[in-house]
Amino acid sequence: MTAGKEELSVYNVTDVSNTAFSDAVKVIRQFIVPFIVFVGLCGNTISLIVFSTRRMRRASSSVFLTALAVVDNLFLLSLLMSWLDDEVHDIISSNLSCQLLIYVTYVTSFLSVWCIVGFSCQRYIAICYPLKHKVHCTVFREKLIICTFALCASVLYTFNFWTSEIRQGVGAAVDFECALKREYIGFLTVATWIDTLFTMIIPFIVIVFVNTLVLCKRAHFPIQKMFSDRFLRKRYIETNLSDQITCNTDSLSSSVKARLNHEIRRENPKRNRKVLLIKRSRITTTLLAVSFTFLVLNLPAHTIRLYNLLTAALNNEYFVPVRHYLIQELTNMLYCTTFSCNFFLYTLFGRNFKSTLLLLVKCHSTKNVYRPS
């Protein structure tokens, strides 16, 4: 179940069967949801293949981005199961299948958010503390952080196994529906507040704070200065000198050549630092795009969710008005888009990702051309 549909199991909704809102919601669920799922599964699978290549495995934050692609696909698969159950045929017919579906949705939503928080913090360390980056941001530590997130999410959302059930659906077209138990509505309200804290309030504050610091750091050292005429002339001269020295020492042993090239690079640490900063800036642009897109697409759904929680707490009424029902469905679609749009962001802003993807396509095409018949 999507996050919004889970909440509708707790909050009553006024009758929309004979209104234009009902038709709009049906169109959204029948056509937009499968489109989001199809595009997202294809994009995330391609992203997973690209990040699994040897070239991208060495790239910064590749562990977080690989985990994000896996988690997003799991969420989209659970969304597809929910859509098939609602629109095609009842496939969720037991309490266990219902509980697993809601559990996977909660866990993957949590992990998706915290993967973005993880690589946002990783980028902050890389930009603001570059000397500590290779010490603290290792592949092993990134995997350990992801495993810690997964363990926390797995324990945090175990309450779904005793607060959800299959029950008789409302209306002739619905045999069964996966819903939350009414007797636990007080506990579920508290659980929803806790989930909102861990998937909305804390991640939003951390992502905005960290990305603001990264942007301020980049503003102090604009990348445009690195491409000044003086820098380009200096880089051209030094590169030619390096090539001449290397070409004229063919008769030297490999160890002597290595020491000589090392001395050349050591004499010019500023150039190496600038090239490194350029590469890190490209990665940072991609991750900033992912972070801010996440904030923009998630904020409306979380705002509606927070509004429902506050309304229920202040008025002691657990229902959603008709007009808010449609708005909630629209914001849920934006929320689900978060899990299917990262591939396009990587393609637009990630030069390494794009070049690796084109290389994979080119190699695959070449194999097909020269494959023996």
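This is a short chat about the predicted model shown above.

Visitor: What kind of model is it, and how are residues numbered?
Guide: The model is predicted, so local features need pLDDT of at least 70 and side-chain atom pairs count only at pLDDT 80 or more, while totals for chains, interfaces and linings use all residues. Residues are numbered from 1 along each chain as its sequence is written, and side-chain values use heavy atoms, with hydrogens and water left out.

Visitor: How many helices and strands are there?
Guide: The protein has 15 helices and four strands, taken as DSSP runs numbered from the N terminus (helices H or I, at least four residues; strands E, at least two).

Visitor: And how much is buried?
Guide: Of the 373 residues, 42% count as buried, meaning under 20% relative accessible area with a 1.4 Å probe and protein chains only.

Visitor: Which stretches does UniProt list as "transmembrane region"?
Guide: The unreviewed entry lists several, including residues 100-121 and 142-162, though such annotations may be inferred rather than shown by experiment. Residues 100-121 are 100% helix, with end C-alpha atoms 31 Å apart, and residues 142-162 are 86% helix, with end C-alpha atoms 33 Å apart.

Visitor: How do α4 and α5 cross?
Guide: The axes of α4 (residues 62-87) and α5 (residues 95-128), lines fitted to C-alpha atoms over the stretch in contact, come within 9 Å and cross at roughly 155 degrees. That makes α4 roughly antiparallel to α5 (an angle over 145 degrees).

Visitor: Which residues make the contact?
Guide: Among them are Phe 64 and Leu 68 of α4 and Leu 101 and Thr 105 of α5, where contact means heavy atoms within 4.5 Å.

Methods: Axes fitted to C-alpha atoms, helices over the stretch in contact; angles between N-to-C directions. Parallel < 35°, antiparallel > 145°, perpendicular 65-115°, else oblique. Buried < 20%, exposed > 50% of the residue type's maximum accessible area, 1.4 Å probe, protein only.
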